[in-house]
Amino acid sequence: MSSQYRNIPWIIKYRPKTLSDIVNQDEAKNKVLEWLKKWPNVQRKALLLYGPPGCGKTSLVEAIANEFKYELIEMNASDFRRRSDIERIAIRASSMQSIFGKTRKIILLDEVDGISAKEDEGGIEAIKQLVEKTSVPVIMTANNPYDPSLRVLREIAEMVQFKKLSKSDMRMVLNKICRAENLRCDEEAIDYIIERAEGDLRAAINDLQAVGEGFGEVTLDRAKILLRPRDKEKDPFETLRAIFSSNYAWQARAVTNQTQLDHEQLKLWLEENIPIQYTDIEDMARAFDMLSKADVYLGRIVRTGDWDLLVYAIDLMTAGIALSAKNNVKDKYRWNKYNFPRRIQLMSKLKDVRDLRDDIAKLLATTLHISSATAINDVIPFLRAIFQVSPGYGAKIALGLGLSEKMIEFLAGASKSDVLQMYRELKKLLKASSETTISSQSKTEFLGKSVSQKDSGGKEKKSEDRKSKTGTRDLLSFKK
Ligand SMILES: Nc1ncnc2c1ncn2[C@@H]1O[C@H](COP(=O)(O)OP(=O)(O)OP(=O)(O)O)[C@@H](O)[C@H]1O
């Protein structure tokens, strides 16, 4: 071994340099290449590569950048938690001059599931804005893209799945490293390392280095001494599969020590997927019975704070459900495509809607000098009626109050495209106006003169027509 490479982690030393160094993942490779070739003429300006740890997501992007001469602007979750971090990346990406003399660039945001929507100030929202405005392809990676806090990113990106690497894929890479390092490797030791890594090639390479570097050989005995069994977390899909296919109560119960889901999330995932796994109606009823009993315990925990009850809830959700398949035992082992719980999706959507309503209420409260509660109970319902019945008035009110487009959509419901179209026209006209500052009165006159408004029946009519000549109407006057 050349001395300059001593102590370099092998995951760096043997990082794939070209696409042909990436084992497996052909489908993902083709999808990413295809998308890059078409960029910017793509449906979504970002990709979200997801899959288990150490299966080649980051390596693939790096290999493409290397092979096709892209400058890679690469950042890890810990580097882009705040809005300002993302803005810095955007500035670097948009500068014409590349520090490496390469003209094409890719932004790689690694491990986006490491950012928390709540704690990290505006990180996710800033990524969304970056993707909306980007002049450079944006690629993100995540292990668990179904984390509720990543919903926004799932919506703005095309999802590309990476598969867990098979044992033979991993053996191929480890044997190659053994040859390059001139190591004599026992096949049994390699098998032991692979088994322990559970598809994570990064972990397997690290273990190989720990057992082999400096010894000239990799033996099973040393592997067993140096490498203790590892606990790995299962994603929601693996968790469900492991619970449903358990033959013994202890086996199903043990899954909860290795899952990314907490007990509340597990309950929702099971609720959504029991009908997918169990086709026999009695088996399904038994499983739901177990889940509902678990739910009773979880409810009691919330009411009494008695966490000792959690073990019962967990036993019912795991062992209880695993052993519910009695009539059609084969169902337990059938491979199914599980669904993301609709209740989680709905809950996060409802929360977004509530937040938006509260933002509107705050804005109305300051503008109209009323309380937020009055805004919610007495003003917002009227605004909704106006926006929906008379999009023209709605657009003017929106402009007068300084509502955002999201707020307009919330108030206008089914008429949102009409209101938004008129709102944008008005905004453009206002901007084009030669006056640099428009008093609220002249702004009103201006709006009255220039709006082409649709009535509630959808017909075009010149809005606010002659009435505007008086120039006295207030923007917030709702009378027709
Ligand atoms: N498909 C693969 N082909 C070749 N090498 C791989 C592959 N997957 C992983 N590796 C090896 O494992 C190391 C880690 O891989 P990589 O960083 O690409 O994983 P990842 O999927 O991005 O993981 P994480 O989600 O934890 O970031 C790489 O340095 C590389 O040596």
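Trainee: How does glutamate 217 count at 26% relative accessibility?
Mentor: This is a predicted model. Buried means under 20% relative accessible area, and exposed means over 50%. Glutamate 217 has 26%, so it counts as partly exposed.

Trainee: Which side chain meets that of glutamate 217 in a salt bridge?
Mentor: Look for an N to O distance of 3.0 Å from glutamate 217. The partner is arginine 184.

Trainee: How many residues apart in sequence are the parts that glutamate 217 and arginine 184 tie together?
Mentor: Glutamate 217 lies in strand E7 (residues 217-218). Arginine 184 lies in strand E6 (residues 184-185). So the pair ties together parts whose separation in sequence is 33 residues.

Trainee: What is the relative accessibility of arginine 184?
Mentor: Arginine 184 counts as partly exposed. Its value therefore falls between the two cut-offs, 20% and 50%. For arginine 184 the figure is 47%.

Trainee: Which residues are linked in a network of salt bridges with Arg184?
Mentor: Glu217 is one of them. The network also takes in two further names, Asp186 and Arg222. Besides Arg184, then, the members are Asp186, Glu217 and Arg222.

Trainee: How many salt bridges does the count come to?
Mentor: Side chains of opposite charge can pair when their charged atoms come close. The cut-off between nitrogen and carboxyl oxygen is 4 Å. By this rule the count is 23.

Trainee: Which helix holds both lysine 128 and glutamate 132?
Mentor: These two form a salt bridge, with the closest N and O atoms 3.9 Å apart. They are four residues apart, so about one helical turn separates them. The helix is H5 (residues 123-133).

Trainee: Is lysine 128 buried or exposed?
Mentor: Its relative accessibility is 18%. The cut-off for burial is under 20%. So lysine 128 counts as buried.

Trainee: Where do lysine 167 and glutamate 195 lie?
Mentor: Their side chains meet in a salt bridge, 3.2 Å from N to O. The pair ties together parts that are 28 residues apart in sequence. Lysine 167 is in helix H7, and glutamate 195 is in helix H8.

Trainee: Which side chain of opposite charge is nearest to aspartate 169?
Mentor: Aspartate 169 lies in helix H7 (residues 167-180). It is buried yet has no salt bridge.

Trainee: Which side chain makes a polar contact with the side chain of aspartate 169?
Mentor: Leaving out residues up to four places away in sequence, aspartate 169 touches Val23 and Asn24. The polar contact has a distance of 2.8 Å. Its partner is asparagine 24.

Trainee: What is the bridge partner of isoleucine 107 in E4?
Mentor: Strand E3 (residues 104-110) and strand E4 (residues 138-142) pair over three bridges. The partner of isoleucine 107 is valine 138.

Trainee: Which peptide bond is cis, with omega near 10°?
Mentor: Look in the loop between helix H2 (26-38) and strand E1 (46-50), where proline 40 lies. The cis bond runs from tryptophan 39 to proline 40.

Trainee: Is histidine 369 buried or exposed?
Mentor: Histidine 369 sits in the loop between helix H16 (342-368) and helix H17 (372-389). Its phi is near 55°, a positive value in a residue other than glycine. Its relative accessible area is 70%, so histidine 369 is exposed.

Trainee: Which elements do the buried residues of H19 pack against?
Mentor: In helix H19 (residues 405-412), the buried residues are Met407, Ile408, Phe410, Leu411 and Ala412. They pack against H16, H17, H18 (391-401) and H20 (416-432).

Key
Residues are numbered from 1 along each chain as its sequence is written. This is a predicted model: local features need pLDDT of at least 70, side-chain atom pairs count only at pLDDT 80 or more; totals for chains, interfaces and linings use all residues. Side-chain values use heavy atoms; hydrogens and water are left out. Helices (H or I, at least four residues) and strands (E, at least two) are DSSP runs, numbered from the N terminus. Buried means under 20% relative accessible area, exposed over 50%, partly exposed in between (1.4 Å probe, protein chains only). Lys and Arg count as positive and Asp and Glu as negative; His and the chain ends are not counted. A polar contact is a pair of N or O atoms within 3.5 Å; within protein, one must be able to donate a hydrogen and the other to accept it, and residues adjacent in sequence count only if both atoms are side-chain atoms. Contact means heavy atoms within 4.5 Å. Two strands pair if DSSP finds at least two bridges between them.
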